[in-house]
Amino acid sequence: MKVIAINGSPRRRWNTAQLCQAALEGAAAAGAETELIHLETMKFKGCMSCYACHSKKKYDTKVCYYKDELTETLNKCIEADAIIIGTPIYYGFATGDVRAFMERLMFPIDTYEVDSEGYRPIKLDRIIPTAMIYTMNASEPFLRGNTALAMNESELRRMFGYSESYYAYDTCQFNNYDLYAANLFNAEHKYERREKQFPIDLENCRQLGARLVEKAKEAQAGTLVRERLRLPEEFLKEMHII
Ligand SMILES: Cc1cc2nc3c(=O)[nH]c(=O)nc-3n(C[C@H](O)[C@H](O)[C@H](O)COP(=O)(O)O)c2cc1C
C-alpha cells in the first residue's frame with residue numbers, strides 16, 4: 001500500500017508541506033508506505049495538447065506522453081494506492097504548478113469517448129482514492145462559492161473514483177509579520193492561528209491520511225464502487241448519442 005503526497009507550495013517546510021506530511025503520518029500509522037514529493041524541485045510544463053494519449057494508436061496509455069522532470073512523479077502516482085495533493089490558494093485557484101501537474105495526471109486517463117448509454121469511460125480500471133489539501137489566508141466565508149475548488153474535487157472523483165477536500169483557513173504566512181508590508185493582516189491573530197488552529201489542521205490531515213488508506217483497502221476489496229456520471233440528457237440528444 002503506497003500513498004503519495006504532492007506538495008504544490010514552492011515552500012518546502014510551510015503550511016501546505018506540513019499538512020501533506022501530517023496526512024502521510026496518518027497513512028503510515030494505518031500501515032501505508034509513504035512518499036512526499038515537492039513540485040517545486042522539478043522543471044515541468046502543463047499539458048502540451050499533443051493528444052497522443054487520446055490518439056487511437058496510443059489510447060492504452062495512462063501516463064502523459066510528454067517527457068520532462070514530472071514524468072517519474074506521474075508514473076508513481078498512477079501506480080500508487082492513494083494520492084494527496086496539497087496546494088496553497090493563489091488568487092482563488094490551486095497554484096500554477098498544481099494546475100500543470102493535474103492536467104498532466106488527469107488527461108491521459110480521461111477520454112473523449114461516450115458509451116451508448118451516455119456514460120464516459122475512464123481508462124483507469126481501478127479506484128485510487130484522492131484528496132486535496134488547501135491552505136489559504138481566507139477564512140471560511142470568503143471561500144464560499146469558489147466553484148474552482150469544487151471542480152477539482154468532482155474531476156478527481158470522476159477520474160480516480162474517490163475524492164475529498166480539506167481546507168485550512170486563515171493560515172500564518174510569515175514568521176515575522178513586522179518584516180513585510182502587510183497591514184491587511186493582524187499579526188497577533190495570525191500567530192494565534194498558528195498556535196491554536198494549525199495543530200487542529202495537522203490532526204485533521206492525519207485523520208484524512210488514515211481515512212484514505214481505509215478507502216484504498218475498500219477499493220482493493222471491491223467494496224468501494226466508482227460513481228458513474230452520465231452526461232446531461234440535452235447534450236446527449238444534441239450530439240445524437242441517444
Ligand atoms: C501569489 C500568492 C497569491 C495568493 N493568493 C491568495 C488568495 O487568493 N486567497 C488566499 O486566501 N490566500 C492567498 N495567498 C496566501 C496563501 O494561500 C497562504 O499563505 C498559504 O497558506 C501559503 O501556503 P504555504 O505556507 O504552504 O506556502 C496567496 C499567496 C501568494 C504567494
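1. Salt bridges come first. A search of the whole predicted structure finds 21 of them. A salt bridge here is a side-chain nitrogen of Lys or Arg within 4 Å of a carboxyl oxygen of Asp or Glu. The model is predicted, so local features need pLDDT of at least 70, side-chain atom pairs count only at pLDDT 80 or more, and totals for chains, interfaces and linings use all residues. Residues are numbered from 1 along each chain as its sequence is written, and side-chain values use heavy atoms, with hydrogens and water left out.

2. Look at R12 and E40. Their side chains meet in a salt bridge, 2.7 Å from N to O. The pair links distant parts of the chain, 28 residues apart: R12 is in the loop between β1 (2-7) and α1 (15-29), and E40 is in the loop between β2 and α2. Helices (H or I, at least four residues) and strands (E, at least two) are DSSP runs, numbered from the N terminus. R12 is partly exposed, at 44% relative accessible area. E40 is partly exposed too, at 33%. The cut-offs: buried is under 20% relative accessible area, exposed is over 50%, and partly exposed is in between (1.4 Å probe, protein chains only).

3. Next, R126 and D81. This salt bridge has an N to O distance of 3.8 Å. R126 sits in the loop between α3 (96-106) and β4 (130-135), and D81 in the loop between α2 and β3 (82-88), 45 residues apart. R126 is partly exposed, at 30%. D81 is buried, at 12%.

4. R193 pairs with D170. The closest N and O atoms of this salt bridge are 3.6 Å apart. R193 is in helix α6 (residues 187-221), while D170 is in the loop between β5 (163-168) and α6. R193 is partly exposed, at 23%, and D170 is buried, at 12%. Elsewhere, salt bridges that share partners join K2, E35, E72 and K76 into one network.

5. Where is L39 found? L39 lies in the loop between β2 (33-38) and α2 (71-79). L39 is buried, with 0% relative accessibility. Beyond its neighbours within four places in sequence, L39 contacts residues including I6, F44, L70, V98 and F101. Contact means heavy atoms within 4.5 Å. L39 and V98 are 59 residues apart along the chain, yet their C-alpha atoms are separated by 7.8 Å.

6. Now the whole chain. The chain has 7 helices and 5 strands. Of its 242 residues, 47% count as buried. Along its principal axes, the C-alpha trace spans about 60 × 40 × 35 Å.
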